[in-house]
Amino acid sequence: MAKSKISLDVDLDASGKVAGYAKLPYSVNRSAYGSLPIPIVSIRGRPGPTVLLMAGTHGDEFEGQVTLTRLAQELDANDLVGHLIIVPMANYPAARAGQRVSPIDQGNLNRLYPGDPDGTPSEMIAHFIETELMTRADFIFDLHSGGASLNYLPATTSVMSTGAVSEEERRAHMMAFGAPYGLMLSSAPGAGSSSEAAARRGIPRLGTELGGRAWIHPAYSELCEDGVRRVLGRLGVIEAGELPPPAAVEFLSVDRECYVYATAAGIFDGAVTLGSEVKQGECAGKIHFPETPLRKPESVYFSADGIVVCERALAMCEIGDCLYHLGKPL
Ligand SMILES: [Zn+2]
């Protein structure tokens, strides 16, 4: 495949802390010869592992964007054994707009790997991240949350059966991060996710789902920063001695039957909240139809036993919208 057309105005091989942009050529009426500036910070200390830290894969997920901005300012190259590549707004047009997908091409960056150097801006970004940044990395963070439409219990995520990295090692990273829940996700091949890209390259990757609602829960922001620092400590990149110890992790598996989807367009009135333990067949809530007031509400049901780890943050729903998803105790 051809080389990326995205050019860096920062030297990733330079020592110390440097900041700039990965520039994606993008000419519009306002800006001939213009580009989309994807912010990037490189902090290189003494020789050690390279860690790629990404947030803003989905532009309406703010916890990771803020955490990486804070870390970019707080971390000092002199204290580092290794190299951090920090990309707080990975799908820059989406993050700039505060939207899940890019307003330019409707691209969902976490479905587009390995990308295309000659494709849409989102495809070009996926290709750039996989071929120019992941190829340097020994470890990858991809920080997510529920965004505008969902809300999550604080959790780390790992996709099951991802290549060379053992489950034991993936769990150890999740325990070091210390979010109270660890979601082991199943994923169909060809999902185009950053997990799949990392697995293709044989690189351990840790994801998060911390809150959502297009909002930042103060406790989750703090957890995100401490969690990233604890994992960097485990990798030997920074001293993590003074941080609070990680919380115990409850590991949960997430498969297809964990999801509850809307069966009608209407207003969803949920029956349970985050953290509830539910049984297969239990009512998850009712969809109401105030436009046809005498139409009876439609109930939706859980199709597995589990803990509610994710809830819809919006009452209005269309057929197929995710209303809840569960995690099953492992
Ligand atoms: Zn996301």
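Reader: On what basis are residues numbered, and which pLDDT do local features need?
Author: Residues are counted from 1 along each chain, as its sequence is written. The model is predicted: side-chain atom pairs count only at pLDDT 80 or more, totals for chains, interfaces and linings use all residues, and local features need pLDDT of at least 70.

Reader: In which sense do strand S4 and strand S5 pair, and what is the bridge partner of Arg-46 in S5?
Author: Helices (H or I, at least four residues) and strands (E, at least two) are DSSP runs numbered from the N terminus, and two strands pair if DSSP finds at least two bridges between them. Strand S4 (residues 46-55) and strand S5 (residues 81-87) are parallel, with six bridges. Within S5, Arg-46 has as its bridge partner Val-81.

Reader: What is the handedness of the β-α-β unit made by S4, helix H1 and S5?
Author: A crossover is right-handed if, with the strands pointing away from the viewer, the path from the first strand over the helix to the second runs clockwise. The unit here consists of S4, helix H1 (residues 63-74) and S5, and it is right-handed.

Reader: Over how many bridges do S4 and strand S6 pair, and which residue of S6 is the bridge partner of Leu-52?
Author: S4 pairs in the parallel sense with strand S6 (residues 139-144) over five bridges. For Leu-52, the bridge partner in S6 is Ile-140.

Reader: Which strand supplies the largest share of the side of domain 1 that touches domain 2?
Author: The chain is divided into domain 1 (7-253) and domain 2 (257-329), with bounds from an automatic or database domain assignment. Contact (C-beta atoms, placed from the backbone, within 7 Å) involves 14 residues of domain 1 and 13 residues of domain 2. Strand S7 (150-159), strand S8 (181-185) and strand S10 (250-254) each supply at least two residues of that side of domain 1. The largest share, five residues, is that of S7.

Reader: Where around the axis of helix H4 do its buried residues lie, and over what arc?
Author: A residue is buried if 20 or more other C-beta atoms, placed from the backbone, lie within 10 Å of its own, exposed if 12 or fewer, and partly exposed in between. In helix H4 (residues 167-177) the buried residues are Arg-170, His-173, Met-174, Ala-176 and Phe-177. They lie on the same side of H4, because the directions from the helix axis to their C-beta atoms cover an arc of only 160 degrees.

Reader: Is Tyr-33 buried or exposed?
Author: Tyr-33 is not a glycine, yet its phi is positive, about 60 degrees. Tyr-33 is in the loop between strand S2 (16-25) and strand S3 (35-44). Because Tyr-33 has 7 C-beta neighbours inside 10 Å, it counts as exposed.

Reader: Is Ala-214 buried or exposed?
Author: Ala-214, a residue other than glycine, has a positive phi near 55 degrees. Since Ala-214 has 21 C-beta neighbours inside 10 Å, it counts as buried.

Reader: What is the omega of the peptide bond from Tyr-113 to Pro-114?
Author: Pro-114 is placed in the loop between helix H2 (92-97) and helix H3 (121-133). Most peptide bonds are trans. The bond from Tyr-113 to Pro-114 is cis, with omega near 10 degrees.

Definitions and conventions. Two residues are in contact if their C-beta atoms, placed from the backbone, lie within 7 Å.
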